[in-house]
Amino acid sequence: MDKKNYENYGFVIPVYNHGAALQSVVKELSPFNLPIIVVDDGNDEKNKGFINEIAQSNPLVTLVVRPKNGGKGLAMKDGMRKANEMGLTHILQIDSDGQHDTKRVQHFLEKSKENPQAIICGYPEYDESAPKKRVNGRKIANGWIHFVTLSHDIVDAMIGFRVYPVKSYIALLEKNPVLDDRMGYDIDILVHLFWQGVPVISEAVRVFYPSDGISNFRYFSDTMRISRTYTRLCIGMIFRLPKLISLRKNRTAERKSEKSA
């Protein structure tokens, strides 16, 4: 891939307990010849060993180290701040566990180039390895997303495969909103950016669940965190109703105009 086509693009990979799987992800991203920001979110020594080896052997990798585990949200914020410092304009976030189909990276970058103000957000296409409980739970969770945004633009708010415009992301952080820093983060940041008027374009990406994969999801505590996130978003939506109704009307009008053009 010609780097000039995606000048000022890069990747952010938050890593916790997936040091061994990270090498495969970085290997798949390296042919794009774009900066890869790896965030070590307070890993143990074994995982740090894997991460450091990758960072030292790959010139595309910039390593950001957090002194202790703070959750995916804090790791992503640090990674995005580093991207901003590096002058990057767009970042593709991808998880370090190797569950996302990296063959879709090219498509997501192309969609972002066509729609530079928008978030290009993945939604999962599952294979037979996907746990049924998780698939069904996601359907319910994403129903709440449609409620708090008054829109179906966000097909899935929980997936960690998406392209952010860095400027919009950093501008939101400067407003210091209350955001969940752990399992509710992907939902929280996406909805808040949507509320700020950042368009969201949803695109499919295959998701795999290897039998030997390590999950950081803690069923009870993380389910409670996500529930609290939705509660906050429902309350926040009430105060933003006039703006959301206006956004919905404007986007409906835009779509009608595009169809008639």
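**Exercise 1.** Determine how helices α6 and α7 are oriented to each other in this predicted model.

*Solution.* Step 1: the axes of α6 (residues 166-174) and α7 (residues 185-195) cross at roughly 100° and come within 10 Å. Axes are lines fitted to C-alpha atoms, for helices over the stretch in contact, and angles run from 0 to 180 degrees between N-to-C directions. Helices (H or I, at least four residues) and strands (E, at least two) are DSSP runs, numbered from the N terminus.

Step 2: angles under 35 degrees count as roughly parallel, over 145 as roughly antiparallel, 65 to 115 as roughly perpendicular and the rest as oblique. Helices α6 and α7 are therefore roughly perpendicular to each other.

Step 3: Ser168, Tyr169 and Leu172 of α6 make the contact with Tyr185, Ile189, His192 and Leu193 of α7, where contact means heavy atoms within 4.5 Å. These residues divide into 5 nonpolar, 2 polar and no charged. Here Ala, Val, Leu, Ile, Met, Phe, Trp, Tyr, Cys and Pro count as nonpolar, Asp, Glu, Lys and Arg as charged, and the others, Gly among them, as polar.

Residues are numbered from 1 along each chain as its sequence is written. Local features of the predicted model need pLDDT of at least 70, side-chain atom pairs count only at pLDDT 80 or more, and totals for chains, interfaces and linings use all residues, while side-chain values use heavy atoms, with hydrogens and water left out.

**Exercise 2.** Describe the packing of α1 against α2.

*Solution.* Step 1: α1 (residues 19-29) packs with α2 (residues 45-57) at an angle of about 20°, the axes being 7 Å apart. The two helices, α1 and α2, are therefore roughly parallel to each other.

Step 2: on α1, Gly19, Ala20, Leu22, Gln23 and Val26 meet Asn47, Phe50, Ile51 and Ile54 on α2. By class, this contact has 6 nonpolar, 3 polar and no charged residues.

**Exercise 3.** Locate the salt bridge of Asp78 and the elements that it links.

*Solution.* Step 1: the structure holds 12 salt bridges, each a side-chain nitrogen of Lys or Arg within 4 Å of a carboxyl oxygen of Asp or Glu.

Step 2: Asp78 pairs with Arg66, and their closest N and O atoms are 2.7 Å apart. This pair links distant parts of the chain, 12 residues apart: Asp78 lies in helix α3 (residues 72-85) and Arg66 in strand β3 (residues 61-66).
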